[in-house]
Amino acid sequence: MPCPALPEGFDATDPDLLQARVPLPEFAELRQTAPVWWCPQPRGITGFDDEGYWAVTRHADVKYVSTHPELFSSTVNTAIIRFNGHIQRDAIDAQRLIMLNMDPPEHTRVRQIVQRGFTPRAIRGLEGALRDRARRIVAEARAGAGDGSFDFVTKVACELPLQAIAELIGIPQEDRSKIFDWSNRMIAYDDPEYAITEEVGAQSAVDLIAYAMNMSADRKQCPAQDIVTQLVAAEGQGNLSSDEFGFFVLVLAVAGNETTRNAISHGMHAFLTHPEQWELYKAERPATAAEEIVRWATPVVSFQRTATQDTELGGQKIRAGDRVGMFYSSANHDPEVFESPERFDITRDPNPHLGFGGGGPHFCLGKSLAVMEIDLIFNALADALPDLRLTGPAPRRLRAAWLNGIKELQVRAG
């Protein structure tokens with residue numbers, strides 16, 4: 001297999017690199033020359049006591065790893081591919097309590113419980129309230145912009161995902177800003193602008209879990225007609241313990257809030273840098289738009305698994321204990337699967353992207369909710385802010401090791 005022509009020291013989990021860009025040219029090189037490539041790292045730089053990981057960049061291989069949990073574990077080293085180098089191993093191991101980092105059969109048990117909140121009926125039940133909220137969010141963004149300019153991320157993109165989760169599990173309106181702040185701090189420790197240490201991020205996780213556990217305890221005492229009661233009120237009869245519910249809310253705060261916010265932010269930037277697509281959307285509102293926005297954005301660049309036994313993937317021998325990085329951003333630009341993947345095309349159909357995961361046990365539980373939120377917010381934008389345009393420099397990106405995040409996107413109405 002030929003050696004890939006990559007910049008010296010290239011590592012697609014380098015937060016400095018991802019703050020600047022998603023390395024799509026390097027991913028293209030890897031797919032063509034070394035689709036399963038050993039990425040060396042200095043021991044301990046990512047929080048793991050090893051010397052690197054296998055980078056998996058082809059669509060088919062990412063799907064294979066995703067759908068074979070017996071070979072590739074989420075639990076051994078968690079699904080997070082890079083922590084801060086100062087993290088202690090016991091802090092990594094503690095994250096095995098989060099559903100994202102579980103393997104079957106424990107993952108199967110917990111998922112079967114929490115998916116009660118994500119039935120088609122439950123999601124449809126949110127649609128009317130979320131449509132009203134989307135319209136209100138856009139109207140308030142326009143009204144609050146004195147000269148017509150505003151930051152799209154803070155005024156629009158972050159609001160609906162947060163409110164959707166709050167609606168789903170019944171968080172009171174006055175507490176929603178807490179959830180936003182805690183989730184921000186948990187994922188922003190790699191970005192010096194936020195001056196958030198690993199300790200602050202960990203404390204924010206503790207605060208969020210404690211808040212959720214208090215909700216759980218309250219519902220056990222005083223059941224209500226809501227999803228929290230369905231998940232926790234009959235502990236011991238196939239429901240969640242208070243601890244499990246706390247960790248479930250933590251996952252929602254990141255997986256359901258941060259990722260959808262970034263999909264919306266990237267989607268708006270894509271529309272405004274591809275004006276013909278924005279005109280098409282305003283005129284036709286194609287149902288395929290949300291899926292293309294997620295493919296284009298791919299908010300989670302990568303997750304990892306750990307090989308449970310010696311195996312082979314893409315012609316490479318992988319040893320038990322090796323970490324394997326699944327690069328969704330690369331898979332979603334694989335020309336073997338997508339015609340002209342570099343083109344933002346809101347009519348793309350079919351669109352078998354991996355922006356919600358590669359299938360298997362960890363396929364995104366909230367996909368239907370995320371697609372609904374994206375549809376609702378862009379419909380509201382097309383109705384109330386059809387003349388939106390970019391202002392200022394390029395979007396300011398988050399410094400992170402596995403998220404494709406936008407911190408600021410300046411726009412102007414009119």
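In which helix is the place of Ile 209? In this predicted model, where local features need pLDDT of at least 70, side-chain atom pairs count only at pLDDT 80 or more, and totals for chains, interfaces and linings use all residues, Ile 209 has its place in helix H10 (residues 198-221). Residues are numbered from 1 along each chain as its sequence is written, and side-chain values use heavy atoms, with hydrogens and water left out. Helices (H or I, at least four residues) and strands (E, at least two) are DSSP runs, numbered from the N terminus.

Ile 209 is buried, with a relative accessible area of 11%, where buried means under 20% relative accessible area, exposed over 50%, and partly exposed in between (1.4 Å probe, protein chains only). Apart from its neighbours within four places in sequence, Ile 209 is in contact with Gly 246, Phe 247 and Leu 250, contact being defined as heavy atoms within 4.5 Å. The C-alpha atoms of Ile 209 and His 362 are separated by 21 Å, and these two residues are 153 residues apart along the chain.

Ala 255 lies in helix H12 and, with a relative accessible area of 40%, is partly exposed. The axes of H12 and H14 come within 9 Å and cross at roughly 95°; such axes are lines fitted to C-alpha atoms, for helices over the stretch in contact, and the angles run from 0 to 180 degrees between N-to-C directions. H12 and H14 are therefore roughly perpendicular to each other, given that angles under 35 degrees count as roughly parallel, over 145 as roughly antiparallel, 65 to 115 as roughly perpendicular and the rest as oblique. On the H12 side the contact is made by Asn 262, Ala 263, His 266, Gly 267, Ala 270 and Phe 271, and on the H14 side by Ile 293, Trp 296 and Ala 297.

The largest nonpolar core has 131 residues, and those with the most contacts inside it are Phe 152, Phe 245, Met 268, Ile 377, Phe 378 and Leu 381. H12 gives the most to this core, with 15 residues. A nonpolar core is here a set of buried Ala, Val, Leu, Ile, Met, Phe, Trp, Tyr and Cys residues joined through side-chain atoms within 4.5 Å. Leaving aside neighbours within four places in sequence, Met 268 is in contact with Phe 152, Trp 278, Phe 378, Leu 381, Leu 388 and Leu 409.

Helix H16 (residues 367-384) has 18 residues and reaches 26 Å from its first C-alpha to its last, close to the 26 Å expected at 1.5 Å a residue, the expected span being 1.5 Å times one less than the number of residues. Among the buried residues of H16 are Leu 369, Met 372, Ile 377, Phe 378 and Leu 381. The buried residues of H16 pack against several helices, including helix H6 (120-144), helix H12 (242-273) and helix H14 (289-297).

An open sheet of five strands has the order S1-S2-S8-S5-S3, with mixed pairing, and two strands are said to pair if DSSP finds at least two bridges between them. The edge strands are strand S1 (36-40) and S3, each of which pairs on one side only. S1 and strand S2 (residues 52-56) pair in the antiparallel sense over five bridges, with Trp 37 standing opposite Ala 55 in S2.

Within this sheet, six of the six residues of strand S5 (residues 302-307) are buried, so S5 is largely enclosed by the rest of the structure. In a regular strand the side chains alternate between the two faces of the sheet. In S5, Ser 302, Gln 304 and Thr 306 point one way, whereas Phe 303, Arg 305 and Ala 307 point the other way. S5 and strand S8 (residues 323-327) pair in the antiparallel sense over five bridges, and the bridge partner of Gln 304 in S8 is Gly 325.

Most residues other than glycine have a negative phi, and most peptide bonds are trans. A cis peptide bond, with omega about 5°, joins Pro 104 and Pro 105, and the peptide bond from Asp 349 to Pro 350 is cis, with omega near 5°. Arg 285, although not a glycine, has a positive phi of about 50° and lies in the loop between H13 and H14.
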